[in-house]
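Here are my notes on this model, point by point. Please keep the structure open as you read.

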Amino acid sequence: QVQLMESGGGSVQAGGSLRLSCATSGFTNSNYCMAWFRQARDTERQEVATLVTIGTLTDYADSVKGRFTISLDIASTTLYLQMDTLKPEDTTMYYCGAVPTVPGTVRCPKRADVYSFWGRGTQVAVSA
């Protein structure tokens with residue numbers, strides 16, 4: 001059973017940085033799409049950044065390009081999201097997701113309903 005657990009959220013001022021972590025366990029092979037999503041109350045979960053575990057190919061939402069960096073520590077299978085130059089509009093819950101994929105995948109899905117496994121989320125608050 002795949003399990004994901006986020007950590008690293010908190011409160012910062014605009015322009016500051018946070019690094020989110022997603023500890024994982026239970027992966028049965030090395031071919032996964034992993035992603036960070038965020039979701040405000042009463043809204044759909046939206047993709048922030050995705051990563052293909054084989055090849056570590058990454059993709060970002062336009063709103064975070066140049067500010068956020070997704071990465072994977074392969075040895076510990078921990079997914080990270082380095083968030084720099086944070087803005088008040090980045091305030092919300094952040095979730096880590098994973099879904100098995102096939103070799104040769106070059107881009108991960110951006111739709112939340114495709115992902116099979118989720119953590120419980122971590123809250124990020126950015127004050128002006």
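**Notes on the model**

1. Arginine 45 lies over the face of tryptophan 118, with 4.6 Å to the ring centre. Arginine 45 also lies over the face of tyrosine 95, at 3.7 Å from the ring centre. A charge sits over a ring here if NZ of Lys or CZ of Arg is within 6 Å of the ring centre and within 35 degrees of the ring normal. Tryptophan 118 is partly exposed, at a relative accessible area of 26%. The classes are buried under 20% relative accessible area, exposed over 50%, and partly exposed in between, with a 1.4 Å probe and protein chains only.

2. A word on the basis. This is a predicted model, in which local features need pLDDT of at least 70 and side-chain atom pairs count only at pLDDT 80 or more, while totals for chains, interfaces and linings use all residues. Residues are numbered from 1 along each chain as its sequence is written, and side-chain values use heavy atoms, with hydrogens and water left out.

3. How many aromatic pairs are there? The count comes to four. Rings of Phe, Tyr and Trp (its six-membered ring) pair if their centres lie within 6.5 Å; planes under 30 degrees apart are stacked, over 60 edge-to-face, and the rest tilted. Phenylalanine 27 and tyrosine 32 form a stacked pair, 4.1 Å centre to centre with 25° between the planes. Tyrosine 32 is buried at 3% relative accessible area. Phenylalanine 27 is partly exposed at 23%.

4. Tyrosine 115 and tryptophan 118 form a tilted pair: 6.0 Å centre to centre, 55° between the planes. Tyrosine 115 is buried, at 5% relative accessibility. Phe37, Tyr115 and Trp118 form one aromatic cluster.

5. Now the nonpolar cores. A core is a set of buried Ala, Val, Leu, Ile, Met, Phe, Trp, Tyr and Cys residues joined through side-chain atoms within 4.5 Å. The largest has 27 residues, of which Trp36, Leu79, Leu81, Met83 and Tyr94 touch the most other members. Strands S3, S4 (32-39), S5 (46-52), S7 (68-73), S8 (78-83), S9 (92-100) and S11 (122-127) each supply at least two residues of this core. Helices (H or I, at least four residues) and strands (E, at least two) are DSSP runs, numbered from the N terminus. A second, separate core of eight residues includes Ala35, Val52, Cys108 and Tyr115. In soluble globular proteins, nonpolar side chains tend to be buried together.

6. Serine 21 is in strand S3, residues 18-25. Is serine 21 buried or exposed? Serine 21 counts as buried, at 16% relative accessibility. Beyond its neighbours within four places in sequence, serine 21 contacts Met5, Glu6, Ser7, Trp36, Thr78, Leu79 and Tyr80. Contact means heavy atoms within 4.5 Å.

7. Check aspartate 90, in the loop between S8 and S9. Aspartate 90 is buried, at 0% relative accessibility. Not counting residues up to four places away in sequence, aspartate 90 touches Arg38, Arg67, Phe68, Thr85, Val124 and Val126.

8. Two backbone points. Aspartate 42 is not a glycine, yet has a positive phi of about 65°. Aspartate 42 sits in the loop between S4 and S5 and is exposed at 78% relative accessibility. Threonine 77, also not a glycine, has a positive phi of about 45°. Threonine 77 lies in the loop between S7 and S8 and is partly exposed at 29%.

9. The salt bridges number seven. The rule is a side-chain nitrogen of Lys or Arg within 4 Å of a carboxyl oxygen of Asp or Glu. Glutamate 47 bridges to lysine 110, with the closest N and O atoms 3.1 Å apart. This pair links distant parts of the chain: glutamate 47 is in strand S5 and lysine 110 in the loop between S9 and strand S10 (117-118), 63 residues apart. Glutamate 47 is buried at 12% relative accessibility, whereas lysine 110 is partly exposed at 39%.

10. Arginine 107 forms a salt bridge with aspartate 59, the closest N and O atoms lying 3.8 Å apart. Arginine 107 is in the loop between S9 and S10 and aspartate 59 in strand S6 (residues 58-60), 48 residues apart. Arginine 107 is exposed at 60%; aspartate 59 is buried at 14%.

11. Lysine 65 pairs with aspartate 62 in a salt bridge, at 3.2 Å between the closest N and O atoms. Shared partners join Glu47, Asp59, Arg107 and Lys110 into one salt-bridge network.
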